[in-house]
Amino acid sequence: MKAAVVKETSPGERRVALVPDAITRLRPAGIDVLVESGAGDGAWLSDAAYADAGASIVSAAEIYRTADVILAVTRPSPEAVSELRKGQAVIGMLAPMTDPELVATLAAQGVTAISLDGLPRTLSRAQPMDALTSQSNVAGYKAVLVAASEFGRFFPLLITAAGTARPAKVLVLGAGVAGLQAIGTARRLGAVVSGYDVRPTSKDEVTSLGATFVELTSVGSAAGEGGYARELTAEERQAQQDELTGHIARHDVVITTAQVPGRRPPLLVTEDAIKAMAPGSVIVDMAASALGGNVTGSQPGETVVTGNGVTIVGAENLAATVPTAASNAYSRNISALLLHLTKDGALAIDTSDEIQAGVVVAHDGRIVHEGVASLLPPAALPHPTPGGPGVDGTTD
Ligand code: NAD
């Protein structure tokens, strides 16, 4: 089987799907690796390093002509999609729940689409494949560095002949994977750190990192399914925003990471909260998105300074800005998934397997993932072949 690493093309994307180290681990499973020339450049991984590890360095055209499986970090561009052939497979973080039309297009072309974002993350045997976790870890770390570099003072307590600097007070809202990494990183930089989340189980995780857990009296548990949070009701949301305002005002730096699966990110930092912060304060909104983020007025990829001197950074794809670490981790995730999917030197698609049921979104000309199919109007679904498998992979 030929697995090919393509050069990522989305703006600012410097990660690469496989690092040279992975190539020797794939070979025993009958997987030969092709690498598009320059694919690793953004992560300082040269063509020569891939060639030394046993990969063939080829052009994009050769990849689309000869590869069985294309390995990517993010979604293929429209140009790349048009190059894909029937029977080829593409594996990446395809964001099928936000872009189901891409899955429909790939299915209609007969391309097998496999997305790491659908992995059942709580399954222990799936953990080596968990790219959402590995990339959130990198992003949480970088968010603190971004905040520290925007902040006009020190993070640690510094006692020098020129005087004593008090440590920065950092508040992390949302203590999932990225939030916990942000808490740990801010602590390592010497800040005094607090963390908050609507899932009560996060309290122990926050305090075990040496941070203080912020308890709100007005909002109870909002633990949802599968370890995620549920969306708050309008009343809970209002109460949360009001009570958080006082906490936010007492901090120099706020890092927000809150997400609810399938919903727009909750607004945690309101205009009133921003107005209550001291000049020179910094907010990094890791949830900034085109739909809105955790912070009023944050825009992905933009940094604004408010009239009262608060810097708001709308974070965008932070993992791509630590490209070597992010690629190393992603490479381990995608290699583990590829090995899981490979049998006798070929892809063996079997959606009765729990991992495959989560990640395989299109196969054999069909959308096989029900959650993705349900997001599309029936007319947009690729037409079933009579007697072929249904949308859910069952036979008529
Ligand atoms: P996520 O990106 O969906 O959300 C980030 C955090 O925001 C979560 O902790 C969530 O509780 C919090 N949040 C949502 N709404 C909020 C609100 N209104 N106010 C404050 N906080 C809010 O989460 P994630 O980082 O992907 O992790 C989600 C969960 O999955 C965690 O419990 C994590 O430990 C768990 N997880 C488990 C495994 C595993 O079992 N191997 C792997 C990965 C994640």
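Select residues 323-341, which form helix H11. At 1.5 Å a residue, its 19 residues should span 27 Å, and the end C-alpha atoms are 26 Å apart, which agrees. The expected span is 1.5 Å times one less than the number of residues in the helix. Helices (H or I, at least four residues) and strands (E, at least two) are DSSP runs, numbered from the N terminus.

The model is predicted: local features need pLDDT of at least 70 and side-chain atom pairs count only at pLDDT 80 or more, while totals for chains, interfaces and linings use all residues. Residues are numbered from 1 along each chain as its sequence is written, and side-chain values use heavy atoms, with hydrogens and water left out.

Stay on H11 and colour its buried residues, among them Pro323, Ala326, Tyr330, Ile334, Leu338 and Leu341. Buried means under 20% relative accessible area, exposed means over 50%, and partly exposed lies in between (1.4 Å probe, protein chains only). An α-helix has 3.6 residues a turn, so residues three or four places apart point the same way.

## The eight-stranded sheet

Next, show the open sheet of eight strands, whose order is S3-S2-S1-S4-S5-S6-S18-S19 and whose pairing is mixed. Strand S3 (56-58) and S19 stand at the edges; each has a single partner strand, so one side of each is left without a neighbour in the sheet. Two strands pair if DSSP finds at least two bridges between them. Strands of a sheet pair through backbone hydrogen bonds, either parallel or antiparallel.

Select strand S1 (residues 2-5), which pairs with S4 in the parallel sense over three bridges. Ala4 has Ile70 as its bridge partner in S4. Now move to S4 (residues 69-71), which pairs with S5 over three bridges, also in the parallel sense. Here Val69 has Ala89 of S5 as its bridge partner.

In strand S5 (residues 89-92), which way do the side chains point? Ala89 and Ile91 point one way, Val90 and Gly92 point the other way, and all are buried.

Follow the chain into the loop between S5 and helix H5 (100-108), where Ala95 is found. Ala95 is not a glycine, yet its phi is positive, at about 45°. Ala95 is buried, with a relative accessible area of 18%.

Then go to Asp364, in the loop between strand S18 (360-363) and strand S19 (366-367). Asp364 also has a positive phi, near 55°, and is a residue other than glycine. Is Asp364 buried or exposed? At 54% relative accessibility, Asp364 counts as exposed.

Ala60 is partly exposed, with a relative accessible area of 26%. Display Ser37 as well: Ala60 and Ser37 are 23 residues apart in sequence and 7.9 Å apart in space, C-alpha to C-alpha.

## The seven-stranded sheet

Seven strands form another open sheet, in the order S11-S10-S9-S12-S13-S15-S14, with mixed pairing. Strand S11 (212-213) and strand S14 (303-305) are the edge strands, each pairing on one side only.

Select strand S12 (residues 253-256) and strand S13 (residues 282-285), which pair in the parallel sense over four bridges. Val253 stands opposite Val282 in S13, and Ile255 stands opposite Val284 in S13. From S13, Val282 and Val284 point one way and Ile283 and Asp285 the other way, and all are buried.

Ser281 lies in the loop between helix H10 (271-276) and S13. Ser281 is buried, with a relative accessible area of 2%. A polar atom of its side chain lies 2.6 Å from the backbone oxygen of Ala278. A polar contact is a pair of N or O atoms within 3.5 Å; within protein, one must be able to donate a hydrogen and the other to accept it, and residues adjacent in sequence count only if both atoms are side-chain atoms.

## The ligand

- A polar side-chain atom of Arg121 lies at 2.8 Å.
- A polar backbone atom of Gly176 lies at 3.1 Å.
- A backbone N or O atom of Val177 lies at 2.7 Å.

The protein covers 84% of the 830 Å² of accessible area that the ligand has on its own. Accessible areas come from the Shrake-Rupley method with a 1.4 Å probe; for residues, only the protein chains shown count as cover.
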